[in-house]
Amino acid sequence: MESTSEPGYVTLASGDGFEFILPRSAACVSGTIRRMLDPNSKFAEALTGYCVFDSFSGLVLEKVCEYLLYNEKHKSSKNVADMDIPSDICLELLIAADYLDV
Amino acid sequence: MAAMRARNKIRVPRRGLTNTRGDDFDSLWIALKKALNEINTKNASTLSFEELYRNAYRITLMQRANDLYENVKELEGKWLQDTVQKHITDTISTSLIRSQGPSELQDQSNERRADGERFLSAMKEKWEDHQVCMGMVTDVLMYMDRVISADKSKPGIYSVAMALFRDHILRAFARTDSDISIYNVLESTILFMIQLERNGHMIERPLVRQCIQMLEGLYDSVSEDENTKLYLVSFEPQFLKESTEFYQAEGRRLLEIGDASAFCRIASQRIAEERERCLYTLALSTESKVLQTLDEELILKNIDEVARLEGTGVRHMLDNNQLDGLLSLYKINARVDPKKTALVNVMNKRIIDLGKEINAAALTAAQGQALSGKKIEEEKKPEDGKKPEKSKEKQSSQQTLSAIKWVDDILAMKRQFDQIWEHAFMSDQGVQSAIMASFADFININPRSSEYLSLFFDENLRKGIKDKTDTEIDTLLDNGITMLRYIKDKDLFEAYYKKHLARRLLMKRSASMDAERQMISKMKLEVGNQFTQRIEHMFKDMTISEDLTASYKAHIAQSADPDQKRVELDVDILTSTMWPLESMSNTDPGDAQKPCLFPKEIDNLKESFERYYLGKHNGRKLTWLANMGTVDIRATFQRSNGKIQRYELNVSTYGMAILSLFNDLPDGESYTFEEIQGRTQIPSYDLIRNLQSLAVAPKTRILVKKPMSKDVKRTDRFFVNNEFSNPFVKVKIGVVSGGANKAENPTQRKETEGKINEERGSTIEAAIVRIMKQRKKSVHSQLIAEVLAQLASRFVPDVMMVKRRIESLIERDYLERIAEEPPTYGYVA
């Protein structure tokens, strides 16, 4: 749980054991993750900064994280080029996006 | 897409998200329910958000979102009703319920306060818990919420939870056996707290603030409209009602104390308190409302009475120059009334009262003197005829003094009020104009204000400014001008000013020509060009005359025989229409003035000058005003011991004419009054005055009158007083009551008024004609209004007078009546 030592970062874990560490601000682009990590509610994730998403594969979660960082990076700029989405996981990504409220 | 599909096969998502394990609604709900209860009891740290979220997500995907929604609602309702409500009702003591009624005993208040605080903190605690828990629940059920709110038929789970709190806690009965709801208790407790604070106790503001925030967070309706906040709907009106009652009582209490400054102090204190209360205890949005209540109940309803309070009100403050008190009263009054009516009314009344006092003082000073003068006259008559004349003189100068004092008093008062205005009334424009109006009012109450003001200028320009700096003169004149601004009958002032100015110029009494000019330019600024035109012309005449005199002297020096004993001549040529000549001579109107007969040398001089002048300016007519002039003559007196004493006498022109008669008279001979008059043709009035100064005034008794008395009678005889002596060689012999500008006596005033009226008549006619020439035709009322407006800067015309003038113009065929209804006039070209 390396992320607890660093409050600016959180860890997202996939169902098949991949862990992604990314800035809290980027993670909170997702409405679900934001609520999950809300310090006012005292869920286990909020206390530890470690979120497990059983239902996502590492492949999908990686793409999700990529998008979260991509979104954070280009938040204030306009006319940003679309992100490259591999078509083979696009349906899974769609479900994940719905689930994560991004 | 087709191309993409051709390259990569799209991976079909695993259905694992939805159907890995326990995928029936009931088992998922049981897991959720357990978790929700954990959340309610604040045990969430063992729960995984992701897991709960996933459960809710699954249920929603099963199309069972509505069931979940209802289940959660039921669960939370039950929780609130069974656990939380009980907890809160436990903290409601009997004292809180009992004191719902108005009866309130002091000894109960401590108990009630403690109970209240306990109740409020329980309330606050539960509310905060509820908020946090519901926040968490909402987060968990977010996915469900998204689906539910998508069809918009139901409010979000969070607001439902809030409504549950409202229904199950606030609207629940505090006791099973009473119909008082917890909300009622809450409200009365908070109001009680506020009451305590208003009475000067310390209360736990944050606690109250929290409860108020709770009310602000709850809505009366499901739609969560801003205007239906419980705070706005229920609490605020109650609070305002309470405040109204409180401030009504407060107002009564303060009036009973009857101290205006205390009232202001407490009122501003209350305002600050209410502000603070809204900031720290209640809601900001209430501030304006409660302050309005305060303004209305405490200030608006009482301010009039406060301002009028005997002994401490505005009057007292003005009299004692209590700037602080006035300032706070001003501020308080300004809150409720932009015009500050209450304050201004009292102040105006006070100004007018003070002004009337000054008026009355001036009048009594004048009258008192007149009375005492009369008394002296009556007393002294039998023994000595001289005294009454003197006392009359004294009375007149006394009036002058009182006039000057009047102006000084008013200026002092004006200064005082200016200061008050600046420091206490924040230089408020409205108040200033009110002050000015009041000043104008009382100044115009005094019918002699114009005369007095002109006398004031006269006095200052003659003597007052001699040893003053330029700036002092400037302020002095400015002050005078300020008063001029107040005077309505400016033409009357002009008449007096011209008269006084004429004397100053001709008698060379003015202390400083610069100051005179300064004065004129100030007047010009103040009342306009037209006003000073004639006065300026008077100055021009003086300058022209100087040049003329010089050139005449040069002319004589060239042409005349240098050996001849010449008399030097200084002439002032006055344009007769510009100078108030009539008012300077004191002849009776009926008495046709014959030209005075001068001694031969002077007559020669006069003729020579006339020739010279008429040679320069053709077609003009010179009239000699002997009554205005002065002459330096050298007189020799043959003492009885044979010595000869020489004096240089400065006498009036008439005096010179009289004295030169005695040149031809053998020693010891005498002239009677009538003889003198016959030889000089000096008008009786002037002659009497001149003889008085020559033969009666003790220091300048050049002639001896027989019999000795104060009055000059037609039968008196006059001798040269060879024993005349004076420590100085040069002796100035003033003419009695001729020299200085003094207040007018009643007859003179009547004369002046008559003249003014005549002048006003023609001014009005001129205005009417001007207007009609422009309009060609005009309705009566409009014409009158325009005339009044045009003349306002000079004087306030009498409407009757205007009407008469219109009539007279019609009679003289300048105007004609065009229509009767409404009365309309036309201009006859």
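Trainee: Which residues of H5(B) are buried?
Mentor: This is a predicted model. In H5(B) the buried residues are Ala65(B), Leu68(B), Tyr69(B), Val72(B), Glu76(B), Trp79(B), Leu80(B), Val84(B), Gln85(B) and Ile88(B). They are called buried because 20 or more other C-beta atoms lie within 10 Å of the C-beta atom of a buried residue.

Trainee: What span does helix H5 of chain B reach, and what is expected?
Mentor: Its 27 residues, 65-91, reach 38 Å from first C-alpha to last, close to the expected 39 Å at 1.5 Å a residue. There is still a kink of about 35 degrees, centred on Gln85(B).

Trainee: Why do S2 and S3 of chain A stand at the edges?
Mentor: The order in this open sheet is S2-S1-S3, with mixed pairing. S2 (19-23) and S3 (50-53) of chain A each have a single partner strand, so one side of each is left without a neighbour in the sheet.

Trainee: How many bridges join S1(A) to S2(A)?
Mentor: Five bridges join these antiparallel strands. Pairing takes at least two bridges, so the strands count as paired. Leu12(A) stands opposite Phe20(A) in S2(A). Helix H4 (58-73) of chain A packs on this sheet, touching S1, S2 and S3 of chain A.

Trainee: What makes S3(B) and S5(B) a pair?
Mentor: Two bridges join S3(B) to S5(B), running antiparallel. At least two are required, so the pair qualifies. Thr672(B) stands opposite Arg717(B) in S5(B).

Key:
Residues numbered from 1 in each chain as written. Chains lettered and ligands numbered in written order. Predicted model: local features only at pLDDT ≥ 70, side-chain atom pairs only at ≥ 80, totals over all residues. Helix = DSSP H or I, 4+ residues; strand = E, 2+ residues; numbered from the N terminus. Expected span 1.5 Å × (residues − 1). Bend = angle between axes of the 7 residues up to and from the residue. Buried ≥ 20, exposed ≤ 12 C-beta atoms within 10 Å, placed from the backbone. Contact = placed C-beta atoms within 7 Å. Axes fitted to C-alpha atoms, helices over the stretch in contact; angles between N-to-C directions.
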